[in-house]
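Please look over the sequence and the model before reading the points.

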Amino acid sequence: MAASLPQKPGMAGMPSQQQQQQQPPHLPPGAAPGAGQQPMPPQGALREISPVFLCRIGQETVQDIVTRTMEIFQITRATQLPNGVTQSQATYQDRFGKLQEHLRQLTLLFKKLRLLYERCLVPYAGEELVSVRVEPCSPAVIQERNEVLEKVRQKNQEMKVLMDQMRNLLWDVNAMLTLRK
């Protein structure tokens, strides 16, 4: 899908369009596009791809990033810490290779996400906002809006307090675990 994006000058180190056509970067290696996905438009058919389509590709890329990150955490969780028990060298090399591959893929996915971000949002950065005429709201709507905003502020404050408590609790647990060693 990113193959239909024209390359910007100065993007050295990025996969070429031909490499991207061989395997879409948002799919894991060896996976074929599913039947539910839309086929890629021919490269010459669209000169300018809509920002909505690019945002959808960006959403899929973020999902792939999250999936790869979860896989990395699963691999590291399954890895035993050195506690005197020796693991086989083959197991270590296998896990290390998987981690390296996932990290390499994450790097490519973040680069792709950055390109999508620049294509979707940067063109709108310099444009002036078109003023839209807003009709005055009734006092009941304004009051309801203010009440909702106040509730949101209260919930945000409660969440902030909870996050601070959780952070302090985690700090205390980590401190106790450190002292225990």
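The protein averages a pLDDT of 75. Of its residues, 65% score at least 70.

**Confidence**

- Helix α4 (residues 139-180) has the highest confidence in the protein, at a mean of 92.
- Helix α1 (residues 17-22) has the lowest, at a mean of 40.
- Over residues 1-37, pLDDT stays under 50.
- The model has 57 contacts beyond four places in sequence for residues 1-37.
- Where pLDDT is low, the predicted coordinates should not be read in detail.

**Helix α3**

- Helix α3 covers residues 89-121, which makes 33 residues.
- At 1.5 Å a residue, helix α3 should span 48 Å.
- Buried residues of α3 include L99, H102, Q105, L106 and L109.
- Further along α3, K112, L115, L116, E118 and C120 are buried too.
- Helix α2 (51-78) is among the elements that cover the buried residues of α3.

**Cysteines**

- The disulfide count is 0.
- The cut-off for a disulfide is 2.5 Å.
- C55 is partly exposed, with a relative accessible area of 46%.
- C120 is buried, with a relative accessible area of 6%.

**Salt bridges**

- The model has 6 salt bridges. Three of them are described here: E101 with R104, R114 with E118, and E150 with R153.
- Side chains of opposite charge can pair when their charged atoms come close.
- In the E101 and R104 bridge, the closest N and O atoms are 2.8 Å apart. The two residues are 3 residues apart in helix α3, so about one helical turn separates them.
- E101 is partly exposed, at a relative accessible area of 30%. R104 is also partly exposed, at 43%.
- The side chains of R114 and E118 meet at 3.4 Å, N to O. They sit 4 residues apart in helix α3, so about one helical turn lies between them.
- Are R114 and E118 buried or partly exposed? R114 counts as partly exposed, at 48% relative accessibility. E118 counts as buried, at 19%. The cut-off for buried is under 20%.
- E150 pairs with R153, with the closest N and O atoms 3.6 Å apart. Both lie in helix α4, 3 residues apart, about one turn of the helix.
- E150 is partly exposed, with a relative accessible area of 38%.

**A78 and R95**

- A78 lies in helix α2. This residue is partly exposed, with a relative accessible area of 43%.
- How far apart are the C-alpha atoms of A78 and R95? They are separated by 9.4 Å, while the two residues are 17 residues apart along the chain.

Note on methods. Residues numbered from 1 in each chain as written. Predicted model: local features only at pLDDT ≥ 70, side-chain atom pairs only at ≥ 80, totals over all residues. Heavy atoms only, no water. Expected span 1.5 Å × (residues − 1). Buried < 20%, exposed > 50% of the residue type's maximum accessible area, 1.4 Å probe, protein only. Contact = heavy atoms within 4.5 Å. pLDDT = per-residue confidence, 0-100. Salt bridge = Lys/Arg side-chain N within 4 Å of Asp/Glu carboxyl O.
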